[in-house]
Amino acid sequence: LILRGVLVSLVELVPVGPILFLRMAGRVLFGRAFIDTLHALGLVGLIHRPRRFSAAVRLRAECARACSYTEWLSAKAALDDLEGRDAWRVAKSPHFDWRLVERARET
């Protein structure tokens, strides 16, 4: 029974090996910011909007290199603006009262 469990575990790990190798090789060759941006925007984002993709990579690298919270916050705000992740703040929804959230943040 123990031998069967070990063999099944080894068989399940074989396909994971190449995936982990490619992921680590991608980080070494391209950098973490590139891989994270590729994960966020996808291959379509890289092909159809290469300037936006490279700007997102640059901003992610700035976030990683930030030495203070204010540097990180400014780079992250620019990245959120670039990727359209701040649209929820101005979107009107019957399920979310953004004015109430803004008043709570101000007090």
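Let's start with a word we'll need throughout: a residue is buried if its relative accessible area is under 20%, exposed if it is over 50%, and partly exposed in between, using a 1.4 Å probe and the protein chains only. What you have above is a predicted model, in which local features need pLDDT of at least 70, side-chain atom pairs count only at pLDDT 80 or more, and totals for chains, interfaces and linings use all residues. Residues are numbered from 1 along each chain as its sequence is written, and side-chain values use heavy atoms, with hydrogens and water left out.

Now for the overall picture. The chain has six helices and zero strands, giving the pattern α-α-α-α-α-α along the sequence. Here helices (H or I, at least four residues) and strands (E, at least two) are DSSP runs, numbered from the N terminus. Of the chain's 107 residues, 16% count as buried.

Let's step into α4. Its buried residues are Phe53, Ala55, Ala56, Val57, Leu59, Arg60, Ala61 and Cys63. What covers them includes α3 and α5. How long should α4 be? The expected span of a helix is 1.5 Å times one less than its number of residues. For the 16 residues of α4 that gives 22 Å, and its end C-alpha atoms are 22 Å apart, which agrees.

Is Arg60 buried or exposed? Its relative accessible area is 15%, so Arg60 is buried. Contact means heavy atoms within 4.5 Å. Setting aside neighbours within four places in sequence, Arg60 is in contact with Ala33, Asp36, Thr37, Ala40, Leu79, Glu83 and Arg85.

Next up is α5. Which residues of α5 are buried? They are Ala75, Leu79 and Glu83. These three cover an arc of only 70° around the axis, which puts them on the same side of α5; the arc is that of the directions from the helix axis to the C-beta atoms. Over on the other side of α5, Tyr69, Thr70 and Asp81 are exposed. The cover over the buried residues of α5 includes α3 and α4. Just after α5, Gly84 takes a positive phi of about 75°.

Finally, look for the largest pocket, with a volume of about 180 Å³. On a 1 Å grid over the protein atoms alone, a pocket is an open set of points with protein on both sides within 12 Å along at least five of seven lines, and lining residues have an atom within 4 Å of a point. The volume is the space filled by probe spheres set on the points, which are joined across faces, edges and corners. The helices α3 (32-48), α4 (50-65) and α5 (69-83) each supply at least two lining residues, and the largest share, four residues, comes from α4. Among the lining residues are Arg60, Trp72 and Leu79.

Definitions and conventions. 1 Å grid on protein atoms, 1.4 Å probe; cavity = no way out; pocket = protein on both sides within 12 Å on 5 of 7 lines; lining within 4 Å.
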